[in-house]
Amino acid sequence: MQSLPLLIAGLGNTLLLCVLAMAVSAVAGHAVLFLRLSRWAVARGLARAYVSLMRGTPALVQLFVLFFALPLIGAGGHPLLAAVLAIGCNSAAYVGEILRANLPVVSQGQREAAAALGMAPRHTWQRIIGPQVWRASLPALVNEFTILLKTTPLASVVGVTELAYAGQMVSARTFRQDEVLVVVAVCYLAITLPTIALARRLERRLHADPTGGDAGRRPVGAIDAAAATGAR
C-alpha cells in the first residue's frame, strides 16, 4: 500500500503522455496527409521523406534525438515534452498513411459535385471527404492509438516516471515483481479495453441506419452533398 501513490502517479503520467501524444499524432497526421495531397512536388517529397524517416527508424532513437535537440531551441529540461513530441510525431506518420489509404472511399463524383458547387477545398474536406475518411479509418486509428499507449514506456529512458517505470521502481523496492507487474498490466488493460469498446460502439453508431432504410447507409459526404444540392 505504501507504493500505491507511486503507481497512481505513474498511471497519471501515462494518461497525460498518451492524451497529449494522441493530439500531436492527430494534428501532425493530418498535416502529413495534406502535404501528400499537395499540388507541389516539394511538399509531397517532404511528406514522403518524413513518413519514411519515422517508419524506418526506432522510436527510441527519435526520442533521444528530440530530447537532446530541444535544449538547442531553449526547451531543454522537459523530458515529458520530448516524449510527447517523439511518440506523437512517430505515430503521425502512421496516422497520415491510414487516412491516405482510406481516401478512395470518397468517389470522384462527390469531389466533382463539390467542385461544381464552388465549394472551397477546406469546406470540401470538412463536409464531404473528412467525415467519410474518418469513419472508414476509425478501426485502424483505434489500433494505432492503442499501439501508441504501449509505446509510452519508452519515456522512462529520458526520466519520465510513467506507469511501467513506476512499477519497476516498486518491484525493486518490494521484491514482489509478479504482483506489481500484474497490477501494471491490469492498469494498461483498464485504459485500452474501455477505449476499444467505446470505439466499437462509435463505429456501430456511425454505421447504424436510423431510418431502417438505405438512406442511413449513405456516406456522410453524400448526404451533405445531396443536402447542398437540394436532392432527396
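Glutamate 97 is buried, with a relative accessible area of 15%, where buried means under 20% relative accessible area, exposed means over 50%, and partly exposed lies in between (1.4 Å probe, protein chains only). The model in which this residue sits is a predicted one, in which local features need pLDDT of at least 70 and side-chain atom pairs count only at pLDDT 80 or more, while totals for chains, interfaces and linings use all residues. Residues are numbered from 1 along each chain as its sequence is written, and side-chain values use heavy atoms, with hydrogens and water left out.

Side chains of opposite charge can pair when their charged atoms come close. A salt bridge is counted here when a side-chain nitrogen of Lys or Arg lies within 4 Å of a carboxyl oxygen of Asp or Glu, and the structure holds 4 of them.

| Partner of glutamate 97 | N to O distance |
|---|---|
| Arginine 36 | 3.1 Å |
| Arginine 55 | 3.6 Å |
| Arginine 100 | 3.0 Å |

The helices named in this report are DSSP runs (H or I, at least four residues), numbered from the N terminus, and strands are runs of E with at least two residues. In the bridge between arginine 36 and glutamate 97, distant parts of the chain are linked, since arginine 36 belongs to helix α1 and glutamate 97 to helix α4 (residues 79–101), 61 residues apart. Arginine 36 counts as buried, at 17% relative accessibility.

The bridge from glutamate 97 to arginine 55 also links distant parts of the chain, with arginine 55 placed in helix α2 (residues 41–56), 42 residues from glutamate 97 in helix α4. Arginine 55 counts as partly exposed, at 46% relative accessibility.

Arginine 100, by contrast, lies in helix α4 together with glutamate 97, and the two are 3 residues apart, about one turn of the helix. At 33% relative accessibility, arginine 100 counts as partly exposed. Through shared partners, the salt bridges join Arg36, Arg55, Glu97 and Arg100 into one network.

## Aromatic pairs

A pair of aromatic rings is described by the distance of the centres and the angle of the planes. Rings of Phe, Tyr and Trp (its six-membered ring) pair if their centres lie within 6.5 Å, and planes under 30 degrees apart count as stacked, over 60 as edge-to-face and the rest as tilted. The structure holds 4 aromatic pairs. In one of them, the ring centres of phenylalanine 34 and tryptophan 125 are 5.2 Å apart and the planes stand at 85°, so the pair is edge-to-face. Because phenylalanine 34 lies in helix α1 (residues 4–36) and tryptophan 125 in helix α6 (residues 121–151), this pair ties together parts that are 91 residues apart in sequence. Phenylalanine 34 is partly exposed, with a relative accessible area of 40%, whereas tryptophan 125 is buried, at 12%.

Phenylalanine 67 and phenylalanine 68 form another edge-to-face pair, with 5.3 Å from centre to centre and 75° between the planes. Phenylalanine 67 is partly exposed, with a relative accessible area of 25%, while phenylalanine 68 counts as exposed, at 56% relative accessibility. Ring pairs also link Phe34, Trp125 and Trp134 into a cluster.
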